[in-house]
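Welcome, and please take a moment to turn the model around before reading on. The notes below go with the view.

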Amino acid sequence: MQITDIAIDDSKKIITDKFDFLLQEIDILFDTSKGEVLGEDTFGTAFENFLWDLDINNAQISEYVKSNIINQTVSGKDFDIEVDTKILYGTVDDIIIISITIRDPETNQEKNIIYKFD
C-alpha cells in the first residue's frame with residue numbers, strides 16, 4: 001500500500017513503510033473533527049469533549065482512541081495497538097496525554113508516539 005505524503009513539497013515522495021503509513025493515517029484522524037469530512041459523518045475524533053467531561057476516566061479515553069485507530073484507518077487492523085492515557089488536571093485547562101504503542105505482529109517491531117490535547 002502506498003500513499004503520497006501531501007505535507008512534503010516534493011510530491012514524488014511516496015510512503016511505502018507501513019508504520020509511516022499508519023502514523024500519517026492517525027495524524028489525519030486526530031486532526032479531523034467528526035462531521036468535518038463530507039459524506040463521512042463518523043470519521044474523525046472528538047477529544048475536546050473529553051476535556052470538559054468530569055466523569056470520563058483514562059481507560060475510557062484509551063479505549064476510544066484504540067477503537068478509532070482500528071476502525072477508522074485503513075491499516076490499523078494490521079497492528080497490535082496499545083494506548084495509555086493520562087489526564088493532567090489544571091487550574092484553567094486540562095491536558096490529555098495519549099501514548100500509543102504500535103507493534104507489527106509479523107516482525108515484532110514497535111513504534112511509540114505521544115499526542116497532547118489541551
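What follows is a short tour from the overall fold to two single residues.

This is a predicted model, in which local features need pLDDT of at least 70 and side-chain atom pairs count only at pLDDT 80 or more, while totals for chains, interfaces and linings use all residues. Residues are numbered from 1 along each chain as its sequence is written, and side-chain values use heavy atoms, with hydrogens and water left out.

Let's start with the whole chain. The protein has three helices and five strands, taken as DSSP runs numbered from the N terminus (helices: H or I, at least four residues; strands: E, at least two). Read from the N terminus, the order of elements is β-β-α-α-α-β-β-β. Of the 118 residues, 36% are buried; buried means under 20% relative accessible area, exposed means over 50%, and partly exposed is in between (1.4 Å probe, protein chains only). Among contacts (heavy atoms within 4.5 Å) with a separation of 6 or more, 39% join residues 24 or more positions apart.

Now to the sheet. Three strands form an open sheet in the order β3-β4-β5, with antiparallel pairing; strands count as paired if DSSP finds at least two bridges between them. At the edges are β3 and β5, each pairing on one side only. From one strand to the next, the twist averages 15°. Between β4 and β5 there are eight bridges in the antiparallel sense, and I100 has I113 in β5 as its bridge partner.

Angles run from 0 to 180 degrees between N-to-C directions, with axes fitted to C-alpha atoms, for helices over the stretch in contact.

| Helix | Strands touched or crossed | Angle |
|---|---|---|
| α1 (residues 18–30) | β3, β4 and β5 | about 15° with β5 |

Helix α3 spans residues 58–72 and includes Q60. Is Q60 buried or partly exposed? Q60 counts as partly exposed because its relative accessibility is 40%. In sequence Q60 and T85 are 25 residues apart, yet their C-alpha atoms are 9.0 Å apart in space.

Finally, have a look at N108, in the loop between β4 and β5. Its phi is near 65°, a positive value in a residue other than glycine. Most residues other than glycine have a negative phi. N108 has 53% relative accessibility, so this residue counts as exposed.
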